[in-house]
Amino acid sequence: MKLRYLIFTLLSLCLALTACQSTAPAASSPPAVVVGFSQLGSESGWRIGNTASMEQAAKRWGFGLMLDNANQRQDKQIAAIRSFISYQVDVIVFSPIVETGWDNVLREARQAGIPVILTDRMVDVADDTLYTAYIGADFLAEGRRAGEFLIKKADALGAEHLNIVEITGTEDSTPMRDRQAGFLQAIAGDGRFTVLESITGDFLRSKGRECMRSLLDKYGAAGIDVVYSHNDAMTLGALDVLDEAGIVPGRDIVLISVDGEQAAVDELVKGRINCIVECTPHLGDDVMAQVDALTKGRTIPKTIHPEETVFTEFDDLTGIGPRGY
Ligand code: AHR
């Protein structure tokens, strides 16, 4: 046990130096359970809230957490998972930046006898026994909620036709794929809607700005009725551009966003965003509860979705508490 603790401390120090983050405890007793967590990056307020949730939950549960931030690089996530395997952590948890390309490293984890929990995003692998569980949002349902809001909004406007532009998240990521698919499912068959273009903004505020600028250049303010943006960071970037262009967001153009970051909810309350589909980053306790169960030899559910809601201009927004991210 002493050797395990020594290695844990050294490896955590190593990860802290290379990846700039670690929640290795300075405590004198070794943690009974060590979790290796590969976070995909820090691209949004949501992501930062998610990392904090994992760190705080690990502390609450008394687990050692080796945290590596891959800064949006799949190769760095794969390297981090391999380092967790070398150390023989008890459970590997990771948020895959994209869905494909994980088969080999997941096979390595299985050969080492280490269970893998996916959190926040899914993988697309031929053999789904390569991971033990997925704990995160139902992104398809999120996309549907966005589409359902749009139908209600079109009814309220009495609109005959609405042109939509979509600013999507990282290509090949689960939220990008499913938020798009769910939205299209919800509005399918309703002849009032045309999706003019889908453009990728990588979940970044800076890219949300770039996308909005290029969409406005291409279609003009009069050509766009609705912006469907896959996260709040990109929506906030789009708002910057609409403000500069003298377009009144929420009135001249309908804005539909996803996440529920405080900054975006504030804009919703001001009427500058019309709808925010909630995606909660507070997954830490759900993940650690399943880590606990696994390490006690219990079988855990294959899929766990948190409860999520939708905030819209049609609702009473006075009761929304502080979002915490
Ligand atoms: O995977 C969840 C998404 O990733 C969130 O909607 C977004 O803000 C984050 O970057």
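Aspartate 259 touches Trp46, Arg179, Asn231, Asp232, Ile276, Val277, Glu278, Cys279, Arg323 and Tyr325, leaving aside residues up to four places away in sequence. The model that shows these contacts is predicted. Aspartate 259 belongs to strand 9, which covers residues 254-259. The relative accessible area of aspartate 259 is 2%. This residue therefore counts as buried, since buried means under 20%. Aspartate 259 and glycine 324 are 65 residues apart along the chain, and their C-alpha atoms are separated by 12 Å.

Aspartate 259 also takes part in the surroundings of the ligand. The residues around the ligand are Glu43, Ser44, Trp46, Arg47, Asp120, Arg121, Pro175, Arg179, Phe203, Asn231 and Asp259. For aspartate 259, an N or O atom of the side chain is 2.6 Å from an oxygen atom of the ligand. For glutamate 43, a polar side-chain atom lies 2.4 Å from a ligand oxygen atom. For aspartate 120, the corresponding distance from a polar side-chain atom to an oxygen atom of the ligand is 2.8 Å. On its own, the ligand has 280 Å² of accessible area, and the protein covers 100% of it.

Asparagine 231 is another of the residues that surround the ligand. Asparagine 231 sits in the loop between strand 8 (226-229) and helix 8 (232-244). With a relative accessible area of 2%, asparagine 231 is buried. Its side chain reaches the backbone nitrogen of methionine 234 at 2.9 Å. Beyond residues up to four places away in sequence, asparagine 231 touches Ser44, Arg179, Phe203, Ser257, Val258 and Asp259.

Phenylalanine 203 is found in the loop between strand 7 and helix 7. Strand 7 spans 193-200 and helix 7 spans 205-219, and aspartate 202 has its place in the loop between them. Most residues other than glycine have a negative phi. Aspartate 202 is not a glycine, yet its phi is positive, at about 55°. Phenylalanine 203 likewise has a positive phi, near 65°. Aspartate 202 is partly exposed, at 22% relative accessibility. Phenylalanine 203 is buried, with a relative accessible area of 4%.

The largest nonpolar core holds 50 residues, and Ile92, Trp102, Leu150 and Ile256 touch the most other members. Helix 3 (residues 74-87) gives the most to this core, contributing six residues. Both domain 1 (2-137 + 281-307) and domain 2 (139-279) supply residues, so this core lies between them. A second, separate core has 26 residues, including Ile199, Phe203, Met212 and Leu255.

Isoleucine 92 gives a view of the contacts made within the protein. With residues up to four places away in sequence left out, isoleucine 92 touches Gly36, Ile81, Phe84, Ile85, Ala109, Ile114, Pro115, Val116 and Ile117.

The domain assignment of the protein chain gives domain 1 as 2-137 + 281-307 and domain 2 as 139-279. Their C-alpha centres lie 32 Å apart. Across the boundary, 16 residues of domain 1 are in contact with 17 residues of domain 2.

Helix 9 covers residues 262-269 and contains glutamate 267. Glutamate 267 is buried, with a relative accessible area of 13%. The side chain of glutamate 267 makes a polar contact with the side chain of arginine 272, at 2.6 Å. Not counting residues up to four places away in sequence, glutamate 267 touches Leu236, Leu239, Arg272 and Ile273.

Leucine 268 is also found in helix 9. Leucine 268 is buried, with a relative accessible area of 2%. Its contacts, again without residues up to four places away in sequence, are Ile273, Asn274, Cys275, Ile276, Phe311, Thr312, Glu313 and Leu317. Leucine 268 and glycine 319 are 51 residues apart in sequence, while their C-alpha atoms are 13 Å apart in space.

Methods. Residues are numbered from 1 along each chain as its sequence is written. This is a predicted model: local features need pLDDT of at least 70, side-chain atom pairs count only at pLDDT 80 or more; totals for chains, interfaces and linings use all residues. Side-chain values use heavy atoms; hydrogens and water are left out. A nonpolar core is a set of buried Ala, Val, Leu, Ile, Met, Phe, Trp, Tyr and Cys residues joined through side-chain atoms within 4.5 Å. Buried means under 20% relative accessible area, exposed over 50%, partly exposed in between (1.4 Å probe, protein chains only). Helices (H or I, at least four residues) and strands (E, at least two) are DSSP runs, numbered from the N terminus. Domain bounds come from an automatic or database domain assignment. Contact means heavy atoms within 4.5 Å. A residue is near a molecule or strand if one of its heavy atoms lies within 4 Å of it. A polar contact is a pair of N or O atoms within 3.5 Å; within protein, one must be able to donate a hydrogen and the other to accept it, and residues adjacent in sequence count only if both atoms are side-chain atoms. Accessible areas come from the Shrake-Rupley method with a 1.4 Å probe; for residues, only the protein chains shown count as cover.
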